[in-house]
Amino acid sequence: METVLSPSHSRAISNRPSFSLFREQSKISSLNQKICKKTVVCCCESSESKSPNGFFRRDMILSGFAASVATVFPVQGSSADEEIKMDQVVDDLNAYSYLIPLEMPSKKFSFKWVESRKPERYSSAAPLSPNARLRIVSERVDFIDNLILSVTIGPPNPIFLKSPDKTTWNAKDVADSVLSDKSALRVTTTQRMAESSVLDAHTSDIDGEPYWYYEYLVRKSPTKTVQDSNIFRHYLAASVERDGFLYSLNASTLNKQWDMMGPVLEKTVASFRLLPPTANYVPPGKDPWRFW
């Protein structure tokens, strides 16, 4: 059955300031992610207490790797109030969700997503560097429009995040921690960092958990259609810590498409949330020897 986001969630996301405006803001209000069936009238505020992990339990626990949540949000970009139809993706193996863009009706534009990597446990996921610390647990690609949405999991890098208290971490250090383990080349941490430039970083408190948001560029962007050295990828990302690992959603496009795609990808990154673990959840540290 089709489900829709609650009105409070829709308003919160549509009113969210751009990444650049967060240089002057330290926090945003928590987003309500209650999911209600379309044929049922339900209250979006839960009377249940927080779970041991600090998350509010929703009235209905989502199951399966994908749940259909077709809805429309306004996008604040170069064109005023551009609307976009989005769908919710849920991975209960790793217990997170986010919204994926489907259509921009006014521009008669449709995204062409392919699930290039189905959700899998951390121990069997593809590593992003020789040390195998950071791994891709799921990925969706729009090959036609050069768009990538990927979720990675990896332990914090102690070079940048020295304190065990995550409430003391700043967003720039979290970004550097994730990016330092992202290169697939056998290079030093300094060389990996030189490939990327962090443009903006900020922290938001959501349901009592710090979420770190950052925007960055990656200079190396091999494509079959464009060989120009001035072409690079523009990224938006969100990271959050659980069970001693950083869960990160990365959304990217080519820099020449940023004016059109940037505001859309921002909606996707802003919607990234950890979910209360279900029986299907596999902690990243469980059975590290298992690769299936």
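The protein averages a pLDDT of 74, and 62% of the residues score at least 70. Residues 189-193 are another stretch where pLDDT stays under 50, and for them the model has 13 contacts beyond four places in sequence. Where pLDDT is low, the predicted coordinates should not be read in detail.

Strand S2 (residues 35-37) has the lowest mean pLDDT among them, at 34, while strand S15 (residues 273-274) has the highest, at 98.

## The overall picture

The protein contains 4 helices and 15 strands. It has 292 residues, of which 54% count as buried. Looking at contacts with a separation of 6 or more, 59% of them come from residues 24 or more positions apart.

## Strand S10 and its two partners

On one pairing, S10 is joined to S9 by 7 bridges, and the two strands run antiparallel. Within this pairing, Arg 140 stands opposite Leu 149 in S10. S9 and S10 form a hairpin with 4 residues between them, and Asn 146 in the turn has a positive phi of about 55 degrees.

S10 also pairs with strand S14 (residues 245-254), again in the antiparallel sense and over 7 bridges. Here Gly 154 has Leu 246 in S14 as its bridge partner.

## Salt bridges across the chain

How many salt bridges does a search of the whole structure find? The search finds 8. Side chains of opposite charge can pair when their charged atoms come close.

One of the salt bridges joins the side chains of Arg 117 and Glu 139, with 3.9 Å from N to O. This pair links distant parts of the chain, with Arg 117 in strand S7 (residues 114-117) and Glu 139 in strand S9 (residues 135-142), 22 residues apart. Arg 117 is partly exposed, with a relative accessible area of 32%, whereas Glu 139 is buried at 17%.

Arg 133 and Asp 181 form another salt bridge, and their closest N and O atoms are 2.9 Å apart. Distant parts of the chain are linked here too: Arg 133 lies in the loop between strand S8 (126-127) and S9, and Asp 181 in the loop between helix H2 (171-180) and helix H3 (189-194), 48 residues apart. With a relative accessibility of 21%, Arg 133 counts as partly exposed, while Asp 181 counts as buried at 4%.

A salt bridge also forms between Lys 166 and Glu 241, whose closest N and O atoms are 2.8 Å apart. Glu 241 is buried, with a relative accessible area of 13%.

There is a network to find as well: salt bridges link Glu 115, Lys 118 and Arg 140.

Is Tyr 214 buried or exposed? Tyr 214, which lies in strand S12 (residues 209-218), counts as buried because its relative accessibility is 0%, and the cut-off for buried is under 20%.

The side chains of Tyr 214 and Ser 239 are joined by a polar contact of 2.7 Å. Tyr 214 and Ala 237 are 23 residues apart along the chain, and their C-alpha atoms are separated by 5.4 Å.

## Helix H4

Helix H4 covers residues 258-270, which makes 13 residues. From its first C-alpha to its last, H4 reaches 17 Å, close to the 18 Å expected at 1.5 Å a residue.

H4 is mostly covered, with 11 of its 13 residues buried. Among them are Trp 258, Met 261, Pro 263, Leu 265, Glu 266 and Lys 267.

How values were computed:
Residues numbered from 1 in each chain as written. Predicted model: local features only at pLDDT ≥ 70, side-chain atom pairs only at ≥ 80, totals over all residues. Heavy atoms only, no water. Expected span 1.5 Å × (residues − 1). Buried < 20%, exposed > 50% of the residue type's maximum accessible area, 1.4 Å probe, protein only. Salt bridge = Lys/Arg side-chain N within 4 Å of Asp/Glu carboxyl O. pLDDT = per-residue confidence, 0-100. Contact = heavy atoms within 4.5 Å. Pairing = 2+ DSSP bridges. Polar contact = N/O pair within 3.5 Å; in protein donor to acceptor, adjacent residues only side chain to side chain.
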